[in-house]
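Student: Could you walk me through this structure, starting with its open spaces and then its charged pairs?

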Amino acid sequence: MQYWLMKSEPAKYGWDDLVRDGRTVWDGVRNHQVAIWLRSMKTGDRALFYHSVEELAAVGIMEVVDEAHPDASDPTGRFVAVDVAPVKSLATPVTLAAMKAEPKLADLPLFRQFRLSIVPLTDVEWATVMRMAGEASATAT
């Protein structure tokens, strides 16, 4: 299983929207590095839903429920999308400031490549964020 952090602006599509919808297509990605990561996602992978721009916090856990397929919003046909579904809200949202203050997250790609909408997480990074969120049971997924 791989772990990811996937960012969305809550004013455009937030965690509450995903919970309401029960599933969504994660589309609209036009960065080639992120497209490579989308292609590598497998059913069952877990991702943090991160509110960017306004809240700057990880607020929920999602699961990849459908692997890479053509992104219907891409007229060129070059980019892919995946489908995700909510697993649960984090007991305590984990802010960007809290992540930056945690030494175990010093190498988190989110800090080096802030403009990327998706970044991979290591097992240690995932477990650290889960601990920070009060989600000890979510580390053994």
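Tutor: Gladly! On a 1 Å grid over the protein atoms alone, a pocket is an open set of points where a 1.4 Å probe fits, with protein on both sides within 12 Å along at least five of seven lines; lining residues have an atom within 4 Å of a point. A volume is the space filled by probe spheres set on the points, which are joined across faces, edges and corners. This is a predicted model, where local features need pLDDT of at least 70, side-chain atom pairs need 80 or more, and totals for linings, chains and interfaces use all residues. Residues are numbered from 1 along each chain, and side-chain values use heavy atoms, without hydrogens and water.

Student: How much space lies in the largest pocket?

Tutor: Its lining has 17 residues, with Lys-7, Ser-8, Glu-9, Ser-52 and Ser-117 nearest the centre. The space in this largest pocket is about 430 Å³.

Student: How far apart are the closest N and O atoms of Glu-9 and Lys-12?

Tutor: A salt bridge puts a side-chain nitrogen of Lys or Arg within 4 Å of a carboxyl oxygen of Asp or Glu. Glu-9 and Lys-12 form one, and their closest N and O atoms are apart by 3.9 Å.

Student: Is Asp-17 buried or exposed?

Tutor: Asp-17 meets Arg-20 in a salt bridge, at 3.0 Å from N to O. Buried means under 20% relative accessible area, exposed over 50%, and partly exposed in between (1.4 Å probe, protein chains only). Arg-20, at 58%, is exposed. With a relative accessible area of 18%, Asp-17 is buried.
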